[in-house]
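I opened the model today to look up a few things. My notes follow in the order in which I checked them.

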Amino acid sequence: MKKGNLHNINDPGFKTPENYFESFEGNLMKKLEGTESISNLNNSGFTVPKDYFNSVDDEIFNKLNKDDTPVISLNSRKPLYYVASIAASIVLILAIFINKPFEDEISVEMVEVYLGDRDLSSYELAELLLDSDLLEDDFVITETSFEEDNLESYLLENSEINLIIE
């Protein structure tokens with residue numbers, strides 16, 4: 001049937017016999033009068049063993065009091081715990097022994113070269129450092145003894161005479 005013709009249907013397709021709903025109650029009562037009463041359950045087909053309700057409690061408690069057999073779980077998690085602990089210990093050992101200390105330590109020369117390349121003035125350096133960064137406890141003063149000969153040779157080799165004169 002085409003979709004366009006659905007609004008033209010006048011017949012729902014379901015049929016009931018004539019006077020069905022008017023005579024339904026009377027027909028039902030006639031059928032009930034001819035059958036046996038519900039109170040007669042002896043011939044229902046279901047039977048209960050003799051003294052069943054007197055002995056059922058004892059039988060249930062006897063079954064409950066039996067020794068339980070051990071249950072073996074098929075999905076045991078113990079091997080998983082063993083494998084996970086071994087893997088964690090291997091990762092920990094590798095992390096300890098492979099992790100080497102930081103070898104590239106910052107030296108004074110590296111800082112001097114870095115600041116020399118930047119061409120910063122003393123005012124710009126002062127702005128970079130906070131007062132809290134400059135504590136006396138952080139500095140170690142080493143005493144060196146300079147001899148005049150060593151100092152003179154150093155100045156002659158590493159400086160220009162024009163700078164010394166000025």
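What pLDDT does the protein chain average, and what share of the residues score at least 70? I found an average of 76, with 75% of the residues at 70 or above. pLDDT is the predictor's confidence in each residue, from 0 to 100. This is a predicted model, in which local features need pLDDT of at least 70, side-chain atom pairs count only at pLDDT 80 or more, and totals for chains, interfaces and linings use all residues. Residues are numbered from 1 along each chain as its sequence is written, and side-chain values use heavy atoms, without hydrogens or water.

**Entry: confidence and fold.** I listed 7 helices and 0 strands in the protein chain. Helices (H or I, at least four residues) and strands (E, at least two) are DSSP runs, numbered from the N terminus. Along the sequence I read α-α-α-α-α-α-α. Confidence is highest in α3, at a mean of 88, and lowest in helix α7 (residues 161-165), at 68. Where pLDDT is low, the predicted coordinates should not be read in detail.

**Entry: surface.** I looked up burial next. Of the 166 residues in the protein chain, 1% are buried. Buried means under 20% relative accessible area, exposed over 50%, and partly exposed in between (1.4 Å probe, protein chains only). The accessible surface of the protein chain is about 18100 Å². Carbon and sulfur atoms hold 58% of that surface. Accessible areas come from the Shrake-Rupley method with a 1.4 Å probe; for residues, only the protein chains shown count as cover.

**Entry: helix α1.** I checked its length against the expected span, which is 1.5 Å times one less than the number of residues. For the 15 residues of α1 that gives 21 Å, and the end C-alpha atoms are 21 Å apart, which agrees. The number of buried residues in α1 is 0, so this helix lies largely in the open.

**Entry: aromatic pairs.** How many aromatic pairs does the structure hold? I counted 3. Rings of Phe, Tyr and Trp (its six-membered ring) pair if their centres lie within 6.5 Å; planes under 30 degrees apart count as stacked, over 60 as edge-to-face and the rest as tilted. Tyr20 and Phe24 make a tilted pair, 5.8 Å centre to centre with 50° between the planes. They sit 4 residues apart in helix α1 (residues 20-34), so about one helical turn separates them. Tyr20 is partly exposed at 36% relative accessibility. Phe24 is partly exposed too, at 41%. Tyr52 and Phe53 make an edge-to-face pair, 5.3 Å centre to centre with 80° between the planes. Tyr52 is partly exposed at 36%, while Phe53 is exposed at 62%. I also noted a cluster of Tyr20, Phe21 and Phe24, linked by ring pairs.

**Entry: positive phi.** Most residues other than glycine have a negative phi. I found a positive value in Asn19, near 55°. Asn19 lies in the segment before α1 and is exposed at 52% relative accessibility. Asp51 also has a positive phi, near 55°. Asp51 is in the loop between α1 and α2 (52-64) and is partly exposed at 47%.

**Entry: nonpolar patch.** Which residues make the nonpolar surface patch of about 690 Å²? I listed Ile106, Met110, Val111, Tyr114, Leu115, Leu120 and Leu128. Patches are made of residues with over 30% relative accessible area and no salt bridge: like charges are joined within 9 Å, nonpolar side chains (Val, Leu, Ile, Met, Phe, Trp, Tyr) within 5 Å. A salt bridge is a side-chain nitrogen of Lys or Arg within 4 Å of a carboxyl oxygen of Asp or Glu. Helix α4 (residues 108-118) gives the most to the patch, with 4 residues. Ile106 is in the loop between α3 (78-98) and α4. Ile106 is exposed, at 68% relative accessibility.
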